[in-house]
Amino acid sequence: MAASISGYTFSSVCYHSANSNSDHEGFLLGEVRQEETLSISDSQISSSEFLHIVEVHNHEPCAQLFSFYDYAGKVNEENLNRILKDRRKNVIGWYRFRRNTQQQMSFREQVIHKQLTNILGIPDLVFLLFSFISTANSSTHALEYVLFRPNRSRYNQRISLSIPNLGNTSQQEYKVSSVPNTSKNYASVIKEHGAEFFDKDGVIKDIRAIFQVYSALQDKVQAVCAEVDQSERVKEKIQEEVKKLKEEISLRKRITAAEERRHQESLNTENHSLQDDSALSDSSSPPSLTRVLLQSPPLEVSLDWPPNSTALPLYPAAPAPPPAPPSAILLPRPQAVGSPGHPSPGLGLGNGDGSSSDSLNRQAIGQEDQLEEEEEEEDEDEDSSEYENLVSERLQSPSLTDTAVSLGRPAALWPDGDTHSSGGSS
Amino acid sequence: MAVSAVHLESDAFLVCMNHALSTEKEEVMGLCIGEVDTNRIVHIHSVIILRRSDKRKDRVEISPEQLSAASTEAEISFNFTHRLAEMTGRPVRVVGWYHSHPHITVWPSHVDVRTQAMYQMMDQGFVGLIFSCFIEDKNTKTGRVLYTCFQSVQAQKGSEYERIEIPIHVVPHEAIGKVCLESAVELPRILCQEEQDTYRRIHSLTHLDPITKIHNGSVFTKNLCSQMSAVSGPLLQWLEDRLEQNKQSIVELQKEKERLIQELASL
């Protein structure tokens with residue numbers, strides 16, 4: 001059995017995985033066909049072998065984890081159909097990208113795989129596992145990939161995945177000289193009949209023809225590229241708008257909650273002073289704070305709030321000024337992978353705590369809340385997240401901030417928080 | 001140390017991967033475009049695929065003069081075409097180079113380290129990236145793609161150069177930038193130009209008999225066909241798939257946006 005995936009599809013999976021701060025998964029679309037190879041050996045006149053070829057044409061990334069299954073690993077067929085739509089018939093497998101984990105299917109993955117096999121009705125469903133590891137100083141990173149056939153017997157489970165490419169573009173096949181030949185007959189025959197191949201300018205006709213094909217193809221590539229570019233800009237813009245709306249909603253909710261809290265506190269204070277039977281104090285009690293709150297424009301509240309206020313805005317005020325870039329960069333947990341001097345072919349896990357995809361899932365979710373807190377803090381914090389966010393270099397330069405934003409690029413170094421919202425929402 | 005780390009944006013990373021995976025028989029190379037910030041972090045926003053004048057299998061390098069010329073040309077055309085200088089108020093420039101190591105270890109060879117040292121003489125902050133691909137462990141059927149970042153340093157005066165490791169991180173970038181898309185679709189054009197140049201040189205040889213000329217014409221046709229089926233075709237397919245994915249995302253995002261607007265209005 002052989003399998004192949006195009007370099008562009010492979011890179012695309014790597015790209016989606018790099019954009020994800022948690023595990024990433026999706027479906028593999030393509031086809032499986034059989035090729036018959038005939039061979040002649042000394043013992044048999046002809047023997048034919050059937051070779052199953054798995055061709056991955058494309059991948060369908062899932063926007064978030066747990067999108068078609070729950071924590072118990074139960075696959076939800078409705079969600080599956082919603083994700084796949086009419087591409088369901090092209091599914092030949094699924095894939096998962098994880099960081100710093102072992103090259104084996106996890107228990108949940110096996111459970112999901114069995115269900116997918118039954119639901120999709122594909123007896124030989126394949127599973128492509130990507131695992132990512134890095135050296136301790138993050139200078140070298142490795143992406144390992146294995147294609148599994150879990151439904152086959154235990155001993156035959158891994159398939160070689162090849163990436164077809166240009167191979168040898170050697171231009172040494174051009175002949176720079178002709179084989180010497182003094183035969184006059186040879187010269188005259190090939191000149192007379194060979195003339196068919198040349199046009200009036202002495203150029204080989206085929207050359208022009210094939211160049212036309214290439215030209216037309218390249219024009220088409222450019223045209224579709226322009227369309228893709230446009231769609232990327234539109235997508236970026238809407239993503240930005242969605243993000244701002246979420247921030248606004250979040251802010252409003254917090255303001256409302258804070259107001260209610262103050263209201264509660266002021267009620268309690270009034271009750272106490274009534275009990276005290278002393279004159280109602282008109283010191284700077286919460287009611288006046290509330291008034292201050294209501295007067296200031298909502299989006300600048302963060303700047304006006306008194307230092308002892310209980311609720312801090314977790315997103316910086318951002319009407320015109322762009323959101324501040326995050327003060328930390330999330331890195332995959334570093335592994336002491338071999339020594340820098342020589343590459344070890346089996347880049348093992350330095351971590352040894354057997355971290356599995358499950359724990360990473362939980363960590364990714366817990367990470368979000370912690371992300372929000374980090375934005376306002378100025379120090380490199382020792383956070384309590386199991387994911388061990390490594391705060392390395394920070395983007396302190398304000399000019400860089402402006403640069404990043406004016407390029408129209410989302411300044412955040414990680415995807416919109418809600419893309420990986422907790423698994424409860426499905 | 002001149003450089004503390006490299007941040008490679010994920011769409012530039014995508015183009016590098018595409019390029020590195022385009023052929024397993026030769027090393028490919030390109031230039032990294034970006035800027036260095038005040039913390040000595042090199043930010044790579046995109047890459048430029050380079051034409052190779054010397055297509056030897058085991059080495060890829062261009063002389064510092066060639067690099068300088070290529071860089072200047074790249075920066076000028078880059079900034080002009082994309083008007084990045086206007087947008088950012090700062091020109092972006094060539095900050096490094098990358099090349100691939102198909103079937104070979106990711107670590108730079110002695111030639112690579114020396115080449116990097118030469119580039120560093122012109123620009124201390126110049127960094128080198130290497131992508132190693134088409135590696136497979138036959139026993140475990142595990143395939144591998146690796147990438148590393150390095151600079152060169154002279155251990156002692158007069159001694160050989162050695163490499164120093166530079167941390168490199170791929171930074172998420174949800175949408176693929178225009179510049180990266182355009183770099184990606186340059187590859188088939190560059191391959192075709194290389195083929196045309198070679199053919200023209202051969203074609204100018206006048207002492208070839210018709211059979212040999214026909215043969216050479218067929219080689220050109222064959223090579224161009226290879227390029228179309230191995231590069232242009234899959235590239236076009238990936239672009240179409242991406243377009244489709246984007247269209248769907250846009251529809252879903254629109255729905256979410258409307259939902260959020262309603263939610264905001266109700267607060």
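Contact is taken here as heavy atoms within 4.5 Å. The structure is a predicted model, in which local features need pLDDT of at least 70 and side-chain atom pairs count only at pLDDT 80 or more, while totals for chains, interfaces and linings use all residues. Residues are numbered from 1 along each chain as its sequence is written, chains are lettered from A and ligands numbered from 1 in the order in which they are written, and side-chain values use heavy atoms, with hydrogens and water left out.

Ser231(A) belongs to helix H5 of chain A, helices (H or I, at least four residues) and strands (E, at least two) being DSSP runs numbered from the N terminus. Apart from neighbours within four places in sequence, Ser231(A) is in contact with Leu243(B), Asn246(B) and Ile250(B). The relative accessible area of Ser231(A) is 7%, so the residue is buried (buried means under 20% relative accessible area, exposed over 50%, partly exposed in between; 1.4 Å probe, protein chains only).

The interface of chain A and chain B involves 112 residues of chain A in contact with 122 residues of chain B. The two chains bury about 10600 Å² between them, with 62% of it on carbon and sulfur atoms; buried area is the accessible area (1.4 Å probe) that two parts lose on being put together, summed over both. Seven salt bridges are found across this interface, a salt bridge being a side-chain nitrogen of Lys or Arg within 4 Å of a carboxyl oxygen of Asp or Glu. In the salt bridge between Glu232(A) and Arg242(B), the closest N and O atoms are 2.6 Å apart. Elements that each supply at least two residues of the side of chain A that touches chain B include helix H1 (7–19), strand S6 (140–148) and helix H5 (205–276) of chain A. H5(A) gives the most to that side, with 32 residues.

Strands also meet between the chains. S6(A) pairs with strand S6 (residues 142–154) of chain B in the antiparallel sense over six bridges, where two strands pair if DSSP finds at least two bridges between them. Leu143(A) stands opposite Val145(B) in S6(B).

Chain B has seven helices and eight strands, and 58% of its 267 residues count as buried. Of the contacts in chain B with a separation of 6 or more, 69% are between residues 24 or more positions apart. Helix H1 (residues 10–20) of chain B is mostly covered, with eleven of its eleven residues buried; Phe13(B), Leu14(B) and Met17(B) are among them. Strand S8 (residues 168–171) of chain B is covered on both faces, with Ile168(B) and Val170(B) buried on one side and His169(B) and Val171(B) on the other. S8(B) pairs with strand S1 (residues 5–9) of chain B in the parallel sense over four bridges, and Val171(B) is the bridge partner of Glu9(B).

Over all chains the structure holds 31 salt bridges. Arg93(B) and Asp123(B) meet through their side chains in one of these (3.1 Å, N to O). Arg93(B) lies in strand S4 (residues 93–102) of chain B and Asp123(B) in the loop between helix H4 (110–122) and strand S5 (127–137) of chain B, so the pair ties together parts that are 30 residues apart in sequence. Arg93(B) is partly exposed, with a relative accessible area of 31%. Lys200(A) and Asp201(A) form another salt bridge (3.8 Å, N to O), and Lys200(A) is exposed at a relative accessible area of 78%.
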